[in-house]
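Work through the exercises below with the sequence and the model in view. Each task is followed by a solution in steps.

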Amino acid sequence: MEKRQLKPWMAVIFVPVFWIDIFILSGLFGRWFGVWGTLIGELLLIVLAVGIAAAFREDIRRIFPLKRPEAAKVGGTIVLWLGTFLAAMGIVGILSYFFPQQMLGAGEDVGSVVMTLPAWFSLFLVALTPAVCEEVAFRGAFLGCFRSIRNKWIGILVVSVVFGLFHGSIWRAIPTTILGIAMGYLLMETDNMFYNMLFHLINNAVPIFLLLFLSMMPSAAVDQSQMAEVQQQMAGGVSLMVMAVYLMYSSGAPLLIYIGNYLIHRGQPGYTKGIFPKEKRWQLILLIIISLYLLLMGILLMFLSTIVALA
């Protein structure tokens, strides 16, 4: 049977089907089967993505490319994740200052799940499963609908925005969209889903490890009331100092993203003369300017916060 290529209009099939699974069926599965219902809902994403693509006679290997990873690209993926994560942190810091209650509520779901499950199952359910299932659905099938468009950024941006909105809150959607852009870019540049799955896995696993670490601290068992008090204070307003620290963290994002991008392309045309070739010195200068601006803004806000606190 002759293979066909997914077209942009086919995205209108994938999106509502994924929406029904994530917002309706997964909720029903959760009521019927508890945490196992979450797993069923995630696995159903793969079935739907692959099934619809096959129904459209798409080449499954082309739309869901999975190949042996390369060490340089794995390193580049990790560095790119860190840079993107720091960039998202800067935006989260700003949003948390102006909309503290909304941003605090957006992050409560994962913590409540992790603290009630064994560590290995938390990593499996919250980190590994979404990294595979959601990437197959969104970066595989959904983004595959836009591969016929010459400008890759159209598909990357459309899929990333929808992916962010599918996380159920506009406040979670903003940083999630930024991370989604990086994952879409990874797939389009490497043509290997291993790397965007790895990116997704790291991003989901890091907060789980942090929560597990905090839960194992000796004082964790007796400080639940203090944690509730901290959350109540944050809901009342995130300090200017916190936003300043987030901006200072984000100052490392431009250089890390540049290095990560170099590593995933190393050896390819345009990336054969080292990480900082003369031809790209203006890019490096621009990155340094952006980083210094974010750093100085963070320092300035920290200074202002200190003055306000002493006044």
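**Exercise 1.** Find what share of the contacts with a separation of 6 or more joins residues 24 or more positions apart.

Solution. Contact means heavy atoms within 4.5 Å. Among the contacts in the protein with a separation of 6 or more, 80% are accounted for by residues 24 or more positions apart.

The model is predicted, so local features need pLDDT of at least 70 and side-chain atom pairs count only at pLDDT 80 or more, while totals for chains, interfaces and linings use all residues. Residues are numbered from 1 along each chain as its sequence is written, and side-chain values use heavy atoms, with hydrogens and water left out.

**Exercise 2.** State how many helices and strands the protein has.

Solution. Helices (H or I, at least four residues) and strands (E, at least two) are DSSP runs, numbered from the N terminus. The protein has 14 helices and 0 strands. Its pattern along the sequence is α-α-α-α-α-α-α-α-α-α-α-α-α-α.

**Exercise 3.** Decide whether Lys73 is buried or exposed, and list its contacts.

Solution. Step one: buried means under 20% relative accessible area, exposed over 50%, and partly exposed in between (1.4 Å probe, protein chains only). Step two: Lys73 sits in helix H4 (residues 71-98). Step three: Lys73 counts as buried because its relative accessibility is 9%. Step four: leaving aside neighbours within four places in sequence, Lys73 is in contact with Thr190, Tyr195, Leu263, Ile264 and Gln268. For the whole protein, buried residues make up 41% of the 311 residues.

**Exercise 4.** Identify the residues of the nonpolar surface patch and the elements that supply them.

Solution. Step one: patches are made of residues with over 30% relative accessible area and no salt bridge; like charges are joined within 9 Å, and nonpolar side chains (Val, Leu, Ile, Met, Phe, Trp, Tyr) within 5 Å. A salt bridge is a side-chain nitrogen of Lys or Arg within 4 Å of a carboxyl oxygen of Asp or Glu. Accessible areas come from the Shrake-Rupley method with a 1.4 Å probe; for residues, only the protein chains shown count as cover. Step two: Trp32, Phe33, Val35, Trp36 and Ile40 make a nonpolar patch of about 530 Å². Step three: helix H1 (11-33) and helix H2 (35-55) each give two or more residues to this patch, and H2 gives the most, with 3 residues. Step four: Trp32 lies in helix H1 and counts as exposed because its relative accessibility is 58%.
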